[in-house]
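Me: I have a model open and want to learn how to read it. Can we go feature by feature?

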Amino acid sequence: MCFFWHNQNLETHNFVLVDERRRRRQDQCEQTQTDSSIETKKGKFSSMDFSFCWSSQIIYNLVHFLVVFSLLCPVFSSSKIDNNPVVNNTFKPNEELHKLNFIQNHLQQINKPSIKTIQSPDGDIIECVISHIQPAFDHPLLKGQKPLDPPERPRTHNKMDEMSENFQLWRSSGESCPEGTIPIRRTTEQDMLRANSINTFGRKLRKRVRRDTNSNGHEHAVGYVSGNQYYGAKASINVWAPRVANQYEFSLSQMWVISGSFGDDLNTIEAGWQVSPELYGDSYPRFFTYWTSDAYQATGCYNLLCSGFVQTNNKIAIGAAISPTSVYTGGQFDISLLIWKDPKHGNWWLEFGSGILVGYWPSFLFTHLRDHASMVQFGGEIVNSNQGSHTSTQMGSGHFAREGFGKASYFRNLQVVDWDNNLIPLSNLRVLADHPNCYDIQGGINNVWGNYFYYGGPGRNVKCP
C-alpha cells in the first residue's frame, strides 16, 4: 500500500503530457510497421526497426508507470530499530534541504579564509588564519579589534618543566603558521553530521556539574578546592589515549575554573585533553578548551567553534591531536596548563608549558567569572550512554589509581592563583569519584609533585557490571 498525495492540476498536466507523447510514439511505430510491411513485400524486411519500436514502447510504458507512481507514492522506508515496532520514515526533502543549508552557512561562518593550509598526518586540515579575523572577532563586542598584548603572569618560585610547542601531530613535519596568523582545525560537513544535533554542534549537552551520582550519564573522578576566591589554577596533566566505547561517548581529563550557583547561572572555563569520536571523528587525544556562562545551555563552545576564546599563538592548534601519549609501563607524557585572570583587564588567559601563551577568554563573556572563581576542579570525566550494563569507556589510562606511576593516569603540581596574582599550593584538596568501582581516585602530596592524585579506571568490570 502507498500513501497517496493528490494534486489535481499537476496530475492532469502530467497525464496529458504523457498521453500526447504516447500518441506520437504510437504513430511513429505504426509508420515503422507499415514501412516494414512494404519492405517485406520487396523481400527486404527490417527486423531491427520493428524490435526497436517494440522495446521502446515497453520501456516508455515502464517509465510512464514509474513517473506516475513517484507522484502518487512518496518514498518511505521500513525498519526495525532496537526491537521497536516497524516504523515508516517518509523522506522530507524540505527538511533535508534546510539542514544542509544550515550546515553550509555555519561552516562558512567558522571556517575563515586562510593564507596557508597544512595537512596533518591524522587527516586534519589546519588553516592559517589572520589573527584578527578568527571566529572570536565575529562577536559584537570584539568587532574591529585585534588580540590583546600579553598580561602579567602570576608570580611563582617553582620552575615548572620546560615544554615545547611542538606537541601536536600537525607539527610533526616542521610546518607552522606565519606570524600574525593562528592555526585553526578546519571543520567539515562530516563533523557536523556526526553531532547529536546540528543545532548543538560544538557544545556540551547540559549536565549537572555538582559531583554526585545523579549526573545524567556524566561520571567523574576529581580533586577540587572550594570555599575561597580563586583567580586561576595550574596543573600538569598526564596524557593517554583511552578507549571510548561508541561515537556518542567521550573521555577527558581537564581543569575546571567555576563560579555560580550550579544552576542556570553556572560559569565555567575549561581546558585539557579529550577523546571524542563524535566531535573529531577519531580516537586521538586532543588539546581542547571550553566555556559557558549559563550552565551549558545557550552560551559557550569547544575550542574556536563559536565567538568566544581569542587565540594569540601561531604554533598551537586548539582541537588538534596530541603526540606523543603515555604508554602503560613505559614512557609518560604530560602537559602543563595554567589559567589565570589578568589583574589589569580582567580577561582569563590560558598558558601552555612554561610561558607559552595560547590566548584568552574576554571577561564580558561571563557573569560571575568577571570577578573570581569560587571552585577549581581537576580530573577525569566520561559519558556513559548505556541503559543496562555500564559502558566500557575508559577514563585516564583505563587503570585504577592504586596501580600508580606508569600505569594509572595522574595530575601533579596542583596550584591556584590568589587575589594578589600569586601561584600557591593547594591547602585543602578533596577527592571524589562518582562510581569508585568503575573509576576511582587517590590523592597525595610530596616534595617533587606537590599536591597530586592518580585517577581513572576501565569502566565495566566485575565490580562495575
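Me: Is glutamine 394 buried or exposed?
Reply: Buried means under 20% relative accessible area, exposed over 50%, partly exposed in between (1.4 Å probe, protein chains only). Glutamine 394 has 13% relative accessibility, so it counts as buried. This is a predicted model: local features need pLDDT of at least 70, side-chain atom pairs count only at pLDDT 80 or more, and totals for chains, interfaces and linings use all residues. Residues are numbered from 1 along each chain as its sequence is written, and side-chain values use heavy atoms, with hydrogens and water left out.

Me: Where is glutamine 394?
Reply: Strands (E, at least two residues) are DSSP runs, numbered from the N terminus. Glutamine 394 lies in the loop between strand 16 (373-383) and strand 17 (409-417).

Me: Which residues does glutamine 394 touch, not counting those up to four places away in sequence?
Reply: Contact means heavy atoms within 4.5 Å. Glutamine 394 touches Pro242, Arg243, Ser251, Ile382, Tyr439, Gly457 and Pro458.

Me: Now phenylalanine 137: buried or exposed?
Reply: Buried, because its relative accessible area is 5%. Its place is the loop between strand 4 (125-130) and strand 5 (181-185). Beyond neighbours within four places in sequence, its contacts include Ser131, Leu142, Pro147 and Val310. Valine 310 is 173 residues away along the chain, yet the two C-alpha atoms are separated by 7.9 Å.

Me: How many bridges join strand 3 to strand 4?
Reply: Two strands pair if DSSP finds at least two bridges between them. Here there are four, and the strands run antiparallel. Threonine 117 has glutamate 127 in strand 4 as its bridge partner. Five residues sit between the strands of this hairpin, where glycine 123 takes a positive phi near 100 degrees.
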